[in-house]
Amino acid sequence: MASGAGASATWGLVDLGDPARFVSLRGALNVRDLGGYPTADGRAIKWGLVYRGDGPERIDGDDRAEIVRRGIATVIDLRAASERGASWSVVDGGIVHDLSLFENLPDVSELPVLRGPSDMAARYVWRVETTAPIMVTALDIMAAASDRPMLFHCSGGKDRTGTLSAALLELLGVGDDVIVADYALSHEPHQRIVAMVLGDPKPQDVKYAHLPDVAISAHAETMESFLAQIRDKHGSIAAPLWAAGLSEATVATLRGALLV
């Protein structure tokens, strides 16, 4: 179950930190259900169908069994090939899709200067623009598999997973306040992920020790700035995805399958 400040977060009338939201795992600390989030037209995302998460590098047999117990049949792994040291288990007949948003993570020295939330948000805008075709593929996979539970993840469950989650939530009609609050739920578990990685480093780990604080945080201001910047530039998160080939059929399928 969820723990810490993020677990008790509320936003309006939505209990974002419902204990049912976080999946209790020993080796992955930021796996959670997107169920229950309301849409502008009065609907809500079904519980138990779509999960977002961090990487499986440190999961054990019990963790794998819990993922299978939840019926997760499709996993979309957004990590670069260099990060992949383990993968999730899925139910019989399920599949893990290796769908790297970036084939190789940049060296820390190659990253732009990240001084605060606005800089991090600009990085997210660039990520959507740069990887829009891959994000479209991820959404197509979700639509094709939306009759059974699914999980999409990267290494920390915050940045690549966070931008894909924001796009999915926008397409489902979830309001900005909930998109922001859902992103901020990653802050506390991600701090624990960083501590876990630094205490038990593995070759494929993200080099958190060399990143600025804003890059290992998930503050609401970062998502607020991302939404403002991408809307100012493109009109919506989805606009670059429509331009990259996102279809009305995929969105209609997602809405029909995931909303109640």
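1. Two residues are in contact when heavy atoms of each lie within 4.5 Å. Counting contacts with a separation of 6 or more in the protein chain, 71% are between residues 24 or more positions apart. The model is predicted, so local features need pLDDT of at least 70 and side-chain atom pairs count only at pLDDT 80 or more, while totals for chains, interfaces and linings use all residues. Residues are numbered from 1 along each chain as its sequence is written, and side-chain values use heavy atoms, with hydrogens and water left out.

2. The protein chain has eight helices and five strands. Helices (H or I, at least four residues) and strands (E, at least two) are DSSP runs, numbered from the N terminus. In sequence order the pattern is β-β-α-β-β-α-β-α-α-α-α-α-α. Of the 260 residues in the protein chain, 53% are buried. Buried here means under 20% relative accessible area, exposed means over 50%, and partly exposed is in between (1.4 Å probe, protein chains only).

3. The count of salt bridges is 20. A salt bridge is a side-chain nitrogen of Lys or Arg within 4 Å of a carboxyl oxygen of Asp or Glu. One network of salt bridges links Glu57, Asp77, Arg79, Arg84 and Asp98.

4. Arginine 79 is in the loop between strand S3 (74-77) and strand S4 (95-98), and glutamate 57 is in the loop between strand S2 (50-53) and helix H1 (61-69), so that the pair links distant parts of the chain, 22 residues apart. Arginine 79 has a relative accessible area of 0% and is buried; glutamate 57, at 14%, is also buried.

5. Aspartate 77 and arginine 84 form another salt bridge, at 3.4 Å from N to O. Aspartate 77 is buried at 1% relative accessibility, whereas arginine 84 is partly exposed at 26%.

6. Lysine 233 and glutamate 129 are joined by a salt bridge of 2.9 Å, N to O. Because lysine 233 is in helix H6 (residues 220-234) and glutamate 129 in helix H2 (residues 117-144), the pair ties together parts 104 residues apart in sequence. Lysine 233 is exposed, with 55% relative accessibility, and glutamate 129 is partly exposed, with 29%.

7. The axes of helix H4 (residues 176-184) and H6 come within 8 Å and cross at roughly 135°. Axes are lines fitted to C-alpha atoms, for helices over the stretch in contact, with angles from 0 to 180 degrees between N-to-C directions. H4 and H6 are therefore oblique to each other; angles under 35 degrees count as roughly parallel, over 145 as roughly antiparallel, 65 to 115 as roughly perpendicular, and the rest as oblique.

8. On the H4 side of this pairing are Asp176, Ile179, Val180, Tyr183 and Ala184, which meet Ala220, Thr222, Met223, Glu224, Leu227 and Arg231 in H6. The residues of the contact of H4 with H6 divide into seven nonpolar, one polar and three charged. In this scheme Ala, Val, Leu, Ile, Met, Phe, Trp, Tyr, Cys and Pro are nonpolar, Asp, Glu, Lys and Arg are charged, and the others, Gly among them, are polar.

9. Threonine 39 is in the loop between strand S1 (32-33) and S2. Threonine 39 is buried, at 9% relative accessible area. Apart from neighbours within four places in sequence, threonine 39 is in contact with Ala44, Leu172, Gly173, Val174 and Leu259.
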